[in-house]
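Thanks for coming, everyone. I have one structure to show today. Let me put it on the screen.

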Amino acid sequence: MALSVAPAESMASLNSDLSYDILRRLDGPTLASAACACAAFCSISKEEKLWENVCSSTWPSTGREDVKSLISCIGGFRKFYADCFPLIVNKDVAEYQWNDHLEYPEEWTEAEYYGDVDEFESVAPSDFVSIVDIRYKDKTICSKVLWGIPNVNELSGWFYNCPFRIDLLTNAARDDDNEGEVFLSVSDGLPPILSMEKERKDGKLWMELRDGLRLSWIVVNKKVKQTVNLASWSPLGGQRHWPTDKDFVTRFGSVLSAKGILPCQVVECILIMKFRVVHTEGEGVQTTLKLTELSMQLKDMEGAHVNGRSSLLILKKALSCHRSKNHSEALESCHLYSKAQAELKEEKMRNESRLDRLCILSGIAASLTFWYYFL
């Protein structure tokens, strides 16, 4: 009997080791699916080390010791991945039509415009941590971590009333070894270009850059121990910057709820990435691009910058927003916002055109009345 039990126990141990070895090779979505396959996989998939490996492969910045400590404090790598892999989906954009935007800020009381004072006092710039990773064709080219919101003097109060903006490249992260300049070259997969004149005609470099770039901008609130990914992963749009013709601007982002915070109810989180051509093949070296801007800002439906006070409340609200693992849904909600914004601009232009015509007709009528009575 003893001889028959021992091999069974050895087999169970061997199966557990093999299962772990199999699961540690999987990416996040596949690992989550495997956990639903059987009880053994479900048990093993709860191992934090597996999810730490998944997170470090998805977001290399999570491999830093300070970030590891942060993630452990807010619930662990499994929870971190579950919160940050799905992207923000805001399906409420269609509910806010043009008439909803006629309620201008001056018609609101200070309490209505800035939200609950108690809620605001519970949000501080130092509560937030930005974890940012950029990939180009599945190769990580930049990983940065920013503790708090830079250049904020909470005593002066200027931050709360000024336009909110985080420029990641001009603010060094804590004890980061990757704070050097970021370059992309032919060795990273860029197509060579002989001249900017040729690039203007065929646009090959721009198309490769737009299709190959991926951005993740994760915001962590240390106080409430919640995280969210504010990026759209793939670009929402972009252009060649016309003043220099050597700058390529790519836009990422998400649509965030501002219900109860701002009259417009929804705002756009805009993440801008800008590369500049510093060398071409004709200059005797490989085609090389330099990352010159990586920033975040919030804008309302009419394109106005959101101030620091409201931005903190919106970012806190985003931590508990609706998300989806289907990234196409996130892109669709962003395109829906852009469509609604375009319609809002058109309606505003039509109203301004009507007002201009009314002013002209009123001026003509006043002139005719004047000449009728005085001639």
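What share of the contacts in the protein chain with a separation of 6 or more comes from residues 24 or more positions apart? The figure is 69%. Keep in mind that this is a predicted model.

Now the chain overall. There are 13 helices and 12 strands in the protein chain. It has 375 residues, and 45% of them count as buried. Its accessible surface is about 19500 Å². Carbon and sulfur atoms hold 55% of that surface.

The largest pocket holds about 270 Å³ of space. Its lining is made up of 17 residues. Closest to the centre are Ser 57, Thr 58, Phe 85, Arg 135 and Trp 233. Which helices each supply at least two residues of that lining? Look at α2, residues 28–34, then α4, 48–58, and α6, 77–84. Of the contributors, α4 gives the most, with 3 residues. By class, the lining splits into 8 nonpolar, 6 polar and 3 charged residues.

Last stop, Asn 90. Find it in the loop between β1, residues 87–88, and α7, residues 110–114. Is Asn 90 buried or exposed? It counts as buried, because its relative accessibility is 7% and the cut-off for buried is under 20%. Who does Asn 90 touch, leaving aside neighbours within four places in sequence? Its contacts are Val 255, Leu 256 and Ser 257, plus Val 266 and Ser 333.

That's my tour. Over to you for discussion.

Methods: Residues are numbered from 1 along each chain as its sequence is written. This is a predicted model: local features need pLDDT of at least 70, side-chain atom pairs count only at pLDDT 80 or more; totals for chains, interfaces and linings use all residues. Side-chain values use heavy atoms; hydrogens and water are left out. Helices (H or I, at least four residues) and strands (E, at least two) are DSSP runs, numbered from the N terminus. Buried means under 20% relative accessible area, exposed over 50%, partly exposed in between (1.4 Å probe, protein chains only). Contact means heavy atoms within 4.5 Å. Accessible areas come from the Shrake-Rupley method with a 1.4 Å probe; for residues, only the protein chains shown count as cover. On a 1 Å grid over the protein atoms alone, a cavity is a set of points where a 1.4 Å probe fits but cannot get out, and a pocket is an open set with protein on both sides within 12 Å along at least five of seven lines; lining residues have an atom within 4 Å of a point. Grid points are joined across faces, edges and corners, and a volume is the space filled by probe spheres set on the points. Ala, Val, Leu, Ile, Met, Phe, Trp, Tyr, Cys and Pro count as nonpolar, Asp, Glu, Lys and Arg as charged, and the others, Gly among them, as polar.
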